[in-house]
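Here are my notes on the model, written up as numbered points. Keep the viewer open while you read.

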Amino acid sequence: MKICVFGASSDIIEDKYIDITYKLGCEMAKRNIGLVYGGGACGVMGASARGEYDNGGYILGVAPHFMKIHNLLFDNCTEFKHTETMAERKTFMEDNSDAFIIAPGGIGTFEEFFEVFTLKQLGRHNKAIVVFNAYGYYDKLIDMLNHAVEENFLKEDSLELIAVFDKIDPMLDYLEHYEGVDTDVMKVRYAFLQNGEEIK
């Protein structure tokens, strides 16, 4: 099994986020779960890779060619895929992963989360998506999603497409035993008009 971990590339974040994501990488390797990630050596990204590497795990790094200029890439990946663009990078990670963990991160991580979430809602994949809410980092994001449901911008069924965890072991247990979700979000989201009446 290979899990894509999206997360921050910044080293100016608090050490607790670095430490917990290093532990995530360690535990993934111990369970023989490979890491697919953005190839970075710093921040949450680098921590997950070091955890995998220090425990003999498999690491697939993916990054566009231009990032080599900044020397910010992890040197000990098992394999490394260089892409032409950021969009190609993201697509490659999505296609070569069995599940997704959204670790603490910034705007790039948010964008990656919402893309895989949207694609799942559109039926383009049925892979597990978990939000790793370490130290309550994503509390406000979860509140926003619930607010979107309350205001009818998001169907409540859509929230069944993701799961939220703040502990590593139950999160990985969930991912290892995930069997997919039968929720037909497209059916409940889109209505058709027949004879002037809305049919859901």
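1. One definition before the details: two strands pair if DSSP finds at least two bridges between them. Also bear in mind that this is a predicted model. By that pairing rule, strand β6 (residues 128–132) goes with β7 through three bridges, and the two run parallel. If you want a spot to look at, Phe132 stands opposite Phe165 in β7.

2. Now the overall picture. The protein has 200 residues, and 45% of them are buried. Its secondary structure comes to seven helices and nine strands. Among contacts with a separation of 6 or more, 67% are between residues 24 or more positions apart.

3. What is the order of the strands in the open sheet? Reading across, the seven strands go β4-β3-β2-β1-β5-β6-β7, with parallel pairing. β4 (79–83) and β7 (163–165) are the edge strands, each pairing on one side only. From one strand to the next, the twist averages 25°.

4. Follow the chain through the β1 and β2 part of the sheet. β1 and β2 are parallel and share three bridges, with Cys4 standing opposite Val36 in β2. Together with α1, these two strands make a right-handed β-α-β unit. On to the next pair: β2 and strand β3 (residues 59–64) also run parallel, joined by three bridges, and the bridge partner of Leu35 in β3 is Ile59. Here the chain crosses from β2 to β3 through helix α2 (residues 43–54), and this β-α-β crossover is right-handed.

5. Helix α1 (residues 15–30) lies across β1 (2–6), β2 (34–37), β5 (99–102) and β6, and runs at about 170° to β1. Helix α4 (residues 107–121) packs on the sheet too, touching β1, β5 and β6, and its direction makes about 150° with that of β6.

6. Next, the core. As a general point, nonpolar side chains in soluble globular proteins tend to be buried together. In this model the largest nonpolar core has 53 residues, and the ones touching the most other members are Ile3, Leu24, Ile101, Phe113, Leu172 and Leu175. Take Leu24: leaving aside neighbours within four places in sequence, Leu24 is in contact with Val5, Ile101, Phe132, Ile168, Met171 and Leu172.

7. Several of those names come back in helix α6. The buried residues of α6 (residues 168–176) include Ile168, Met171, Leu172 and Leu175. They cover an arc of only 95° around the axis, which puts them on the same side of α6. The cover over these buried residues includes β1, α1, β5, β6 and β7.

8. Compare helix α3 (residues 86–95), whose buried residues are Arg89, Lys90, Met93 and Glu94. Seen down the axis, they fall within an arc of 130°, so they line one face of α3. The general rule behind this: an α-helix has 3.6 residues a turn, so residues three or four places apart point the same way.

9. Thr83 deserves a look. Thr83 is in strand β4 and counts as buried, at 0% relative accessibility. What does Thr83 touch, not counting residues up to four places away in sequence? The contacts are Val62, Ala63, Pro64, His65, Glu88 and Arg89.

10. Last, the backbone angles. Asn32 is not a glycine, yet its phi is positive, at about 60°. Asn32 is in the loop between α1 and β2 and is exposed, with a relative accessible area of 66%. Asn152 is another non-glycine residue with a positive phi, near 65°. Where is Asn152? Asn152 lies in the loop between α5 (139–150) and β7, and is exposed at 70% relative accessible area.

Conventions: Residues are numbered from 1 along each chain as its sequence is written. This is a predicted model: local features need pLDDT of at least 70, side-chain atom pairs count only at pLDDT 80 or more; totals for chains, interfaces and linings use all residues. Side-chain values use heavy atoms; hydrogens and water are left out. Helices (H or I, at least four residues) and strands (E, at least two) are DSSP runs, numbered from the N terminus. Axes are lines fitted to C-alpha atoms, for helices over the stretch in contact, and angles run from 0 to 180 degrees between N-to-C directions. Contact means heavy atoms within 4.5 Å. Buried means under 20% relative accessible area, exposed over 50%, partly exposed in between (1.4 Å probe, protein chains only). The arc is that of the directions from the helix axis to the C-beta atoms. A nonpolar core is a set of buried Ala, Val, Leu, Ile, Met, Phe, Trp, Tyr and Cys residues joined through side-chain atoms within 4.5 Å. A crossover is right-handed if, with the strands pointing away from the viewer, the path from the first strand over the helix to the second runs clockwise.
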